[in-house]
Each structure stands twice: as C-alpha cells, then as structure tokens.
Amino acid sequence: MQEEEKYQKLKDIVKVYLPEDVSVSEIQPTSNFITELNINSANLVDIILDVEDAFDIHLENDDMNQMQTVQDAIDIIDSKLAV
Amino acid sequence: MSRRVVVTGMGVCAPNGVGIKDFTEALYKGKSGIRHHSRLEQLNFGCQVAAEPLVKDNVLERYFTPLQLRGLNASGLVYGVIAGKDAWADAGLSPNTSKTPLWDCGIIFGTGILGVDKFRDAIYQVDNKEVRRLGSTTVIQTMASGISAYLGGILGCGNQVTTNSSACTTGTEGILMAYERISSGKAEVILTGSCGESGPYIWGGFDAMRILPRDFNDNPSAASRPMSASAQGFVPGSGAGALVLESLESAQKRGAKIYAEVLGGELNSGGQVGEGSMTAPNSEAVQRCIQKAIRNSGIKAPQVDAINGHLTATSKDALEITNWSVAMGLSGVKFPYINSFKGMIGHCLSAAGSIECVGSILQFEEGVVFGNVNCEDIHPEILKVIDGSRIPQKTIPYRPKIIAKASFGFGDVNACVIFSAYKN
C-alpha cells in the first residue's frame with residue numbers, strides 16, 4: 001500500500017470523529033488526537049476498531065496506549081502490515 | 001413558592017404519525033399505526049401485530065450527526081431524540097451553542113429500557129470473547145439514562161438531566177416531575193417525555209404472559225379495541241412523546257406560544273396490596289390518585305370535560321371506567337367525554353403516557369375530542385356506568401377546557417395529570 005493511500009485511509013477514519021469546530025484540513029501527521037484534534041477520548045477506541053477493520057490488522061493494548069498522534073497510528077499500522 | 005407552569009412545545013414520534021402535524025391528522029381520522037410484523041411471525045409470536053413509528057433514513061440524518069449514527073442501534077433513543085428535538089424547536093428554543101450550560105433548562109425523559117438490540121449485539125460479542133470490539137457506543141446506548149444524556153448534550157442543558165422509569169406510567173410521571181420542579185422555582189424550562197423501544201425482545205415477554213390479542217394477525221388495524229366487548233388484550237407499541245414545560249413567566253417573557261397549562265396532578269401506588277399486585281391495579285389507589293390530582297389542581301370534578309384514559313384494551317378497561325366514575329362522582333350522561341388513543345397506536349408502554357399527553361393537549365387547539373376506534377361494541381359493563389354518548393366513535397367538534405389524563409403501570413403505580421386550556 002502506498003504511503004499516500006494509507007494516510008488518506010486513516011484520515012477518512014479520523015474525520016468522522018472530529019468535533020464540529022475542527023475541520024478536516026486540521027488533520028496533520030503531527031496532530032495529537034485528543035489535545036489537538038479535540039477528539040473525545042472515548043472515541044479513540046472506535047478509531048482503533050475502525051483501523052483494525054480498514055487495514056485488516058489486530059492492535060494490542062500497548063499499541064493503543066502508544067497511539068497519541070496521527071503519525072503514531074501510521075507507524076503502528078506499518079509495523080503490523082510488515083509482519 | 002408555587003408558580004404556574006405551561007406547555008410551550010411538543011414533539012412526537014408515534015406509530016401512526018411522526019411529527020405533530022402528521023400525528024394530529026392521524027388522530028383526527030382515526031388512522032391506525034398497527035401493522036403485521038413478519039419478524040414476529042417468523043419467531044412464532046402469538047400476537048404478530050405491533051405499533052411502531054415509521055422513521056425514514058433521511059429523517060435520521062436531520063436529527064443525528066454522522067458520528068452519532070455510527071453503530072446506532074437503539075430504537076427508543078432514535079424516537080426520543082426526534083420527539084425531544086422537535087419539541088424544543090417547536091417551543092422556539094435553540095440548541096445551546098455557547099460554552100455555558102443552560103442552567104435553568106433541564107431534561108426529565110423516561111424510558112422502560114434502552115438499546116435492547118444494541119445490548120443483544122454486545123452479549124454476542126462478549127460471549128464470543130470479543131469484549132474489546134464493543135467500542136464506545138454500547139454503554140451510552142444501553143444505559144437507561146442514555147436518552148436524557150443524549151438530549152442533554154444535544155441541547156446543552158445545565159439543570160437536572162435525568163431519566164425516570166415507572167413502567168407504563170413513565171411519560172405521565174415525567175410531566176408531573178417536571179411540573180413540580182418548575183413550580184417550586186428550581187428550573188424555568190424542562191424538556192420532559194418518554195420513549196419506548198421496538199422489537200421482539202421488548203414485546204416477547206408480554207406475548208408470553210398471554211395478554212396480547214392473537215386473533216387479529218391478518219387484521220392488524222382491528223386488533224386494539226379499548227372499551228370494546230370484543231377486546232382481547234393490548235397491542236404492543238413503541239415511540240416517543242415530548243413536551244416542553246415552562247414557567248409562565250419565562251414563557252411570557254419569550255412571547256412563546258402556549259399550548260396548555262399544567263394545573264397539577266398526583267402520583268401514587270396501590271402498594272400491591274388488596275386487589276393490587278405487580279400487574280393488577282388497586283382500585284382504591286387509582287381513585288385516590290384521580291381525586292387528589294383534581295384537588296391539587298384547584299378544580300372540581302365536574303369541570304373536567306374530557307378524559308384520556310389509560311384504557312389498554314384488556315378486561316380491566318371496565319374497571320378503569322368505574323374507577324374514574326367513582327373518583328369523580330360522575331356517571332351516565334354526566335360523565336365527561338372519554339377517549340383512548342390505543343385503538344390507533346396500541347400500547348406504547350413506557351412511551352404511552354407522553355405520546356397520549358401530546359395527543360390530549362392537541363385537542364385544546366384543534367377544538368375537538370379525538371374519536372375512539374374499534375369500540376362500536378362498547379363493553380356492557382362500561383355502559384352500566386357511563387352513557388355511550390360519552391365515548392365518541394369518531395372525532396367530534398368540542399372545545400374542552402380541562403382534560404384529565406391518567407396512566408397506570410406494572411408495579412401498581414399510578415399517575416394523573418390535569419391540563420387546562422391556557423387563559424391569562
């Protein structure tokens with residue numbers, strides 16, 4: 001999978017969870033899901049489930065704890081797809 | 001401190017009409033919301049007819065954000081949010097877009113049980129050792145107070161936000177709880193109402209109790225027959241009704257439209273003693289509830305000119321009529337007009353009280369008493385107590401000034417509320 005395609009796929013997942021006052025254009029690789037994109041922390045678990053479904057991977061509890069930013073998510077997806 | 005309380009907004013999601021306009025028209029014409037459900041047939045239900053609101057997908061998008069719609073599988077929540085948001089808008093109020101909660105606005109929105117289909121999904125996942133796959137939506141859709149929590153968040157209310165539950169009394173009880181809180185000065189505006197879920201997991205238990213009609217599976221609109229000699233039991237239903245209750249001062253300050261005034265009411269229980277039980281009403285308690293509701297409202301029984309009964313279409317309907325008659329000291333042609341909407345919408349259980357209060361109040365503005373359906377053959381025991389003319393067989397022009405509404409529920413609980421046409 002191309003990097004760009006992967007990023008777009010993740011962005012499509014994340015944008016559903018953005019509060020009304022945060023626009024899709026604010027999603028950047030360095031964005032922190034909770035502190036910068038203002039995503040409700042309860043929704044992080046839904047993002048993880050969506051990522052698992054979209055990329056057909058399985059995330060462990062440790063992976064979830066590490067997933068703070070969009071780039072963290074990309075890195076975790078990469079490591080799982082590489083296996 | 002005792003302040004006047006008025007109704008300034010209403011919304012409804014009923015089996016025979018979603019939205020006030022459609023619901024009013026349906027009640028006018030005696031339109032049935034009771035349909036055959038093939039799923040109930042497949043599952044070998046004795047009663048395969050039920051009353052469920054028809055909510056189209058494009059309607060959902062108007063009431064829920066795309067995020068809220070993800071994994072949404074709680075019918076009661078859907079009905080409640082539709083009715084609740086409609087009532088708020090109908091009252092001329094807007095959702096709170098500021099950073100400060102609306103401290104004087106609250107939610108008292110009841111239900112019997114919420115998110116049963118969602119809970120079923122969760123049970124399968126948990127038993128499959130997939131608990132982590134539940135996501136974040138299971139709790140908020142299956143907690144009973146999910147409905148008040150959703151509405152409280154959508155509207156940004158900062159006063160009491162709660163969900164009451166008292167079986168089929170729930171909706172009427174909520175109105176009286178809201179009335180008391182506003183009357184005593186603790187809130188200015190409360191969105192109150194109730195919702196009830198659809199589906200076999202809700203209705204199955206009633207089917208098992210053999211209290212639902214079984215001979216109308218091919219004739220659904222005739223199945224629910226309140227006050228009829230041929231009544232066989234209640235038709236299960238679902239939906240939601242919502243009312244905005246407001247202090248008169250607040251309503252006047254806003255120049256809000258006033259549908260009706262809540263004069264007062266009463267809540268009690270028969271204690272499941274005497275003839276009362278988990279499922280049967282104690283007549284002494286029912287009569288006392290009606291009498292105290294009238295007294296608390298500062299009126300006399302003969303001033304009540306229309307009653308909307310609980311009248312579910314079981315063998316207890318005649319007893320209910322007797323209880324009204326004894327409580328009010330009125331019988332024969334002196335008895336007020338009485339109707340039950342359950343012939344059209346079935347028994348919407350926890351949603352019944354609120355939907356029926358909305359319908360009752362609509363009669364003030366429309367200048368009518370909505371007709372009963374399916375009781376051409378009025379039960380002879382009822383005709384021994386009141387004159388047949390008191391049970392309109394179709395909608396009649398009549399401008400009621402005071403309407404009494406009662407709801408009764410499992411657990412031997414009773415609620416009676418008195419509404420009046422508003423006059424300054």
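**View 1. Crossing of helix H9 (residues 170-183) and helix H15 (residues 352-366) in chain B of the predicted model.** The axes of these two helices of chain B come within 5 Å and cross at roughly 70 degrees, where axes are lines fitted to C-alpha atoms, for helices over the stretch in contact, and angles run from 0 to 180 degrees between N-to-C directions. H9(B) and H15(B) are therefore roughly perpendicular to each other, given that angles under 35 degrees count as roughly parallel, over 145 as roughly antiparallel, 65 to 115 as roughly perpendicular and the rest as oblique. From H9(B), B:Thr170, B:Gly171, B:Thr172, B:Glu173, B:Gly174 and B:Ile175 meet B:Ala352, B:Gly353, B:Ser354, B:Ile355 and B:Cys357 of H15(B), a contact being a pair of residues whose C-beta atoms, placed from the backbone, lie within 7 Å. By class, this contact has four nonpolar, six polar and one charged residues, with Ala, Val, Leu, Ile, Met, Phe, Trp, Tyr, Cys and Pro counted as nonpolar, Asp, Glu, Lys and Arg as charged, and the others, Gly among them, as polar. Helices (H or I, at least four residues) and strands (E, at least two) are DSSP runs, numbered from the N terminus.

Residues are numbered from 1 along each chain as its sequence is written, while chains are lettered from A and ligands numbered from 1 in the order in which they are written. As this is a predicted model, local features need pLDDT of at least 70 and side-chain atom pairs count only at pLDDT 80 or more, whereas totals for chains, interfaces and linings use all residues.

View 2. The domain assignment of chain B, whose bounds come from an automatic or database source, gives domain 1 (5-260) and domain 2 (264-420). Their C-alpha centres lie 21 Å apart, and 60 residues of domain 1 are in contact with 57 residues of domain 2. On the domain 1 side, H9(B) gives the most, with eight residues, and the residues of that side divide into 32 nonpolar, 25 polar and three charged.

View 3. B:Ala260 counts as buried because it has 23 C-beta neighbours inside 10 Å; a residue is buried if 20 or more other C-beta atoms lie within 10 Å of its own, exposed if 12 or fewer, and partly exposed in between. Leaving aside neighbours within four places in sequence, B:Ala260 is in contact with residues including B:Val6, B:Val7, B:Ile361 and B:Phe419.

**View 4. A:Ser41 in helix H2 (residues 41-55) of chain A****.** An unreviewed UniProt entry places the feature "modified residue: O-(pantetheine 4'-phosphoryl)serine" at A:Ser41, and such annotations may be inferred rather than shown by experiment. A:Ser41 is exposed, with 9 other C-beta atoms within 10 Å. Between the chains, six residues of chain B are in contact with seven residues of chain A.

**View 5. Two residues of chain B with positive phi, B:Asn44** **and B:Lys129****.** Most residues other than glycine have a negative phi. Phi of B:Asn44 is near 60 degrees, and this residue lies in the loop between helix H2 (38-42) and S4 of chain B, where B:Asn44 counts as exposed with 8 C-beta neighbours inside 10 Å. Phi of B:Lys129 is likewise near 60 degrees; B:Lys129 is found in the loop between helix H6 (116-127) and helix H7 (137-142) of chain B.

Technical notes: Contact = placed C-beta atoms within 7 Å.
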